[in-house]
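I opened this model to look up its pocket, its surface and its charged pairs. My entries follow.

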Amino acid sequence: MSNRRFKSHNHPNATLIKRLLAMVYDSLLIMAVWMLVGYIFIAFNDGQAVSGPLFNSTVFLVTFLFFALFWTRSGQTLGMLAWRLRIESDQGLPINAKQALLRFMGAIFSALVLGIGYWWILLDSDHLAWHDRWSNSRVVQLPKT
């Protein structure tokens with residue numbers, strides 16, 4: 001694990017609305033990445049549509065890598081950057097690959113159960129989603145610079 005700390009880890013946890021807005025922005029970016037993956041697969045399939053486990057696994061892996069690389073490097077995806085949000089560990093450190101995987105898989109589960117894992121933020125005393133707790137991380141609101 002990296003010993004580098006973010007400048008301050010005393011920022012408040014992000015609200016559900018800000019997190020959802022960042023997710024909308026990131027979903028547009030990830031759809032563009034999916035289209036690129038699709039174009040590559042189509043090019044290697046003589047212009048024919050592709051499907052199946054290899055394609056689906058590749059899309060899943062590329063999606064995870066997209067988020068994991070941003071989260072473990074700077075703590076921010078492009079959508080999070082736009083809304084001044086950052087993911088950090090409970091100790092104010094950048095999250096590691098294991099935390100990114102737990103967070104990614106947990107976020108999928110949180111969404112699949114009618115979003116209850118996200119709505120939980122409104123009930124939780126620390127304003128954390130299920131996957132925040134499971135991955136020992138949190139999304140913080142950064143101040144305006």
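**Entry 1: the pocket.** I searched a 1 Å grid over the protein atoms alone: a pocket is an open set of points with protein on both sides within 12 Å along at least five of seven lines, and its lining residues have an atom within 4 Å of a point. I note that this is a predicted model, where local features need pLDDT of at least 70, side-chain atom pairs count only at pLDDT 80 or more, and totals for chains, interfaces and linings use all residues. Residues are numbered from 1 along each chain as its sequence is written, and side-chain values use heavy atoms, with hydrogens and water left out.

I read a volume of about 580 Å³ for the largest pocket; a volume here is the space filled by probe spheres set on the grid points. The lining has 25 residues, and Met23, Phe67, Trp71, Ala107 and Tyr118 lie nearest the centre.

Which helix gives the largest share of the lining? I found helix 1, with 8 residues. Helix 1 (16-43), helix 2 (53-73), strand 1 (85-89) and helix 4 (97-112) each supply at least two. Helices (H or I, at least four residues) and strands (E, at least two) are DSSP runs, numbered from the N terminus.

I sorted the lining into 18 nonpolar, 4 polar and 3 charged residues. Ala, Val, Leu, Ile, Met, Phe, Trp, Tyr, Cys and Pro count as nonpolar, Asp, Glu, Lys and Arg as charged, and the others as polar.

**Entry 2: the surface.** I found a nonpolar patch of about 460 Å², made by Phe60, Leu101, Met105, Ile108 and Leu112. Patch residues have over 30% relative accessible area and no salt bridge, and nonpolar side chains are joined within 5 Å. Helix 4 gives the most, 4 residues. Leu112 is found in helix 4. Leu112 counts as exposed because its relative accessibility is 66% (buried is under 20%, exposed over 50%, partly exposed in between, with a 1.4 Å probe and protein chains only).

**Entry 3: salt bridges.** I counted 6 salt bridges, each a side-chain nitrogen of Lys or Arg within 4 Å of a carboxyl oxygen of Asp or Glu.

Asp132 meets Arg19 at 2.8 Å, N to O. Asp132 lies in helix 6 (residues 130-134) and Arg19 in helix 1, so the pair ties together parts 113 residues apart in sequence. Both Asp132 and Arg19 are buried. Arg19, Arg103 and Asp132 are linked in a network.

Arg86 pairs with Glu88 at 3.0 Å. Is Glu88 buried or exposed? Glu88 is buried, at 0% relative accessible area.

Technical notes
1 Å grid on protein atoms, 1.4 Å probe; cavity = no way out; pocket = protein on both sides within 12 Å on 5 of 7 lines; lining within 4 Å. Patch = residues over 30% accessible without salt bridge, like charges linked within 9 Å, V, L, I, M, F, W, Y side chains within 5 Å. Areas by Shrake-Rupley, 256 points an atom, 1.4 Å probe, with all protein chains shown as cover.
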